[in-house]
Amino acid sequence: MKTYPLTGPPSASGVYLIKNKTTGQIYVGQSVDLRRRYLEWRTVFSSGLGATNPALHEAIKNSNIEDWDFVVFELCEPQQLDQLENSI
């Protein structure tokens, strides 16, 4: 697993974790473009707009972005995303 700086992960497909460093809460997701997903997450975090996961949105709305890590769990081919995500 790798945590990425503000520039984000590569534009590749894979499974990611969004982890609250304070509470230990972990949200698991997948994307065919991890960089795009990372940038979307940062936008949702800062604006609250476009949130697609109500539980994650509720968890982040009263916290700081520094409390969270966007971690790439594993890169994989797009056809392997469901299997990999479900194995976590």
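Predicted model: local features only at pLDDT ≥ 70, side-chain atom pairs only at ≥ 80, totals over all residues.
**N20 and T22.** One of its polar atoms lies 2.7 Å from the backbone nitrogen of T22. I used the polar-contact rule: a pair of N or O atoms within 3.5 Å; within protein, one must be able to donate a hydrogen and the other to accept it, and residues adjacent in sequence count only if both atoms are side-chain atoms.

I then placed N20 in strand β2, residues 14-20. Strands (E, at least two residues) and helices (H or I, at least four) are DSSP runs, numbered from the N terminus. N20 has 5% relative accessibility, so I log N20 as buried. Buried means under 20% relative accessible area, exposed over 50%, partly exposed in between (1.4 Å probe, protein chains only). Beyond the neighbours within four places in sequence, I find N20 in contact with Q25, D67 and W68. Contact here is heavy atoms within 4.5 Å.

**Ground rules.** I number residues from 1 along each chain as its sequence is written, and side-chain values use heavy atoms, with hydrogens and water left out. Local features need pLDDT of at least 70 and side-chain atom pairs count only at pLDDT 80 or more, while totals for chains, interfaces and linings use all residues.

**Whole chain.** I read the order as β-β-β-α-α-β-α. That is three helices and four strands. Of the 88 residues, 33% count as buried. Among contacts with a separation of 6 or more, 63% join residues 24 or more positions apart.

**Aromatic pairs.** I list five. The rule takes rings of Phe, Tyr and Trp (its six-membered ring) with centres within 6.5 Å; planes under 30 degrees apart are stacked, over 60 edge-to-face, the rest tilted. Y16 and F70 are stacked, 4.9 Å centre to centre with 15° between the planes. Y16 sits in strand β2 and F70 in strand β4 (residues 68-75), so this pair ties together parts 54 residues apart in sequence. I log Y16 as buried at 6% relative accessibility. F70 is buried too, at 2%.

Next I checked Y27 and W68. Their ring centres are 6.2 Å apart and their planes at 40°, so I call the pair tilted. Y27 lies in strand β3 (residues 26-31) and W68 in strand β4, so the pair links parts 41 residues apart in sequence. Y27 is buried at 15% relative accessible area. W68, which also turned up in contact with N20, is buried at 4%.

**Cluster.** Which residues form one aromatic cluster? I find Y16, Y38, W41 and F70 in it.
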